[in-house]
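Student: Please take me through one part of this model closely, the metal site. Then link that part to the rest, step by step.

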Amino acid sequence: MEMEKVTGNVYTNTKLRGCNPSFVTTSEGVVVIDTPQLPTKAVAMRKEAESHGPIRYIVNTEHHVDHIFGNYFFRGAGTVVNHRGLYDRFMVVFPELDPFTYARESVPGPTAQGTDLDDPEGAALWPDRDEYYRDPNKGTIVFTGDLMLRVGDHTFNLLHTPGHTPGQVAVHVPEERVVFTGDTIFSGCQTWLMTSNVAEWLEALERIRTLDVDWIVPGHGPVVTQRYLDVQRSHLMEWKAAVATAIASGWTREETVARVDFRDRFGPVDVGQGYMLDYIQTLNAGSLYDKLTGAIPGS
Ligand SMILES: [Zn+2]
């Protein structure tokens with residue numbers, strides 16, 4: 001699989017449907033950061049990563065499908081490391097979302113959405129639900145707070161940076177002057193807010209700002225520098241202010257969802273998911289409304 005080389009030992013792919021799956025090569029093997037959602041891409045990236053040495057660890061940055069579903073195709077390759085907040089939500093079916101069905105949308109079948117960047121060959125690799133849930137390859141090292149891993153001459157500082165999700169992790173590799181932020185950064189594309197706590201998310205951005213790095217590998221969109229932290233901050237603040245203003249104006253939840261949107265402002269939806277634009281606008285506005293009115297916890 002074609003990977004973009006960010007530094008001497010850092011590889012990512014920002015052009016797939018799903019997250020930006022990445023890996024770092026070291027003198028003692030490879031560390032994978034997030035796995036491709038599309039089955040054929042997961043198989044291909046595993047092969048590519050293993051061509052640089054054995055996979056030692058797989059770190060996931062959050063519990064959303066696009067960052068963890070591909071773990072299934074990495075069974076037997078390295079130790080999976082998950083924050084407790086991620087581990088407890090790993091492919092758990094919630095009333096509002098069945099992650100297994102959602103993942104299935106990317107390959108042909110009853111729920112396929114049929115975009116150019118789907119994975120037609122992935123259908124042959126697709127496990128049935130029972131088989132998948134027998135071993136989805138979730139973490140066997142589960143931590144709270146931060147965690148440091150050492151592999152060869154490389155350091156991997158796993159920083160708990162909640163906000164986008166409760167178990168959100170950024171992976172800072174000081175020797176490469178790179179940080180992988182997961183979806184704490186959506187670069188050049190729409191931000192997904194529904195499982196978020198915006199106040200914590202803004203703090204997470206400030207924590208990432210303190211790191212001495214040249215590159216940010218975001219969860220979605222092109223690789224950026226720390227200058228992009230200000231852009232992400234502005235998107236979060238604009239969303240929150242717009243919904244707060246709607247509430248102050250006495251709008252109902254329905255009016256807020258109908259009127260507040262940023263579909264023309266913050267870029268397209270990430271690769272292959274343009275059909276989700278209405279869904280994102282509606283759920284972003286609705287979930288912020290619920291949080292700011294106290295109907296559900298968070299802020
Ligand atoms: Zn994501």
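Tutor: We start at the metal, move to a cavity, and end with salt bridges.

This is a predicted model, so local features need pLDDT of at least 70, side-chain atom pairs count only at pLDDT 80 or more, and totals for chains, interfaces and linings use all residues. Residues are numbered from 1 along each chain as its sequence is written, and side-chain values use heavy atoms, with hydrogens and water left out.

Which residues hold the zinc ion as protein donors? They are Asp66 (OD), His67 (NE2), Asp183 (OD) and His220 (NE2), 2.1 to 2.2 Å from the ion. A donor is an N, O or S atom within 2.8 Å of the metal (3.2 Å for Na, K and Ca); water is not among the atoms, so sites may look incomplete. Along the sequence, the donor residues follow the spacing D-H-x115-D-x36-H. His67 sits in helix α2 (residues 65-68) and His220 in strand β12 (residues 215-220), so this pair ties together parts 153 residues apart in sequence. Helices (H or I, at least four residues) and strands (E, at least two) are DSSP runs, numbered from the N terminus.

What is the geometry of the site of the zinc ion? The angles among the four donor atoms run from 84 to 166°, and the site is irregular. Four donors are tetrahedral if all angles lie between 85 and 135 degrees; four are square planar and six octahedral if opposite donors are over 155 degrees apart and all others between 65 and 115; anything else is irregular.

Are the two histidines buried or exposed? His67 is buried, at 0% relative accessibility. His220 is buried too, at 4%. Buried means under 20% relative accessible area, exposed over 50%, and partly exposed in between (1.4 Å probe, protein chains only).

His67 also leads us to a cavity. This residue is one of those lining the largest cavity, and Cys19, Asp34, Phe180 and Val217 are also among them. The largest cavity holds about 40 Å³ of space. On a 1 Å grid over the protein atoms alone, a cavity is a set of points where a 1.4 Å probe fits but cannot get out; lining residues have an atom within 4 Å of a point. Grid points are joined across faces, edges and corners, and the volume is the space filled by probe spheres set on the points. Strands β11 and β12 are the elements that each give two or more residues to this lining. The lining divides into five nonpolar, six polar and one charged residue. Ala, Val, Leu, Ile, Met, Phe, Trp, Tyr, Cys and Pro count as nonpolar, Asp, Glu, Lys and Arg as charged, and the others, Gly among them, as polar.

Now the salt bridges. The whole structure has 17 of them. Each is a side-chain nitrogen of Lys or Arg within 4 Å of a carboxyl oxygen of Asp or Glu. Arg150 and Glu175 form one at 3.5 Å, N to O. Arg150 lies in strand β8 (residues 147-151), and Glu175 lies in the loop between β10 (169-173) and β11 (178-186), 25 residues apart. Arg150 is partly exposed at 46%, and Glu175 is partly exposed at 38%.

Asp290 and Arg253 pair at 2.8 Å, N to O. Asp290 is in helix α9 (residues 277-292) and Arg253 in helix α8 (residues 253-259), so the pair ties together parts 37 residues apart in sequence. Asp290 is buried at 16%, whereas Arg253 is partly exposed at 33%.

Definitions and conventions:
1 Å grid on protein atoms, 1.4 Å probe; cavity = no way out; pocket = protein on both sides within 12 Å on 5 of 7 lines; lining within 4 Å.
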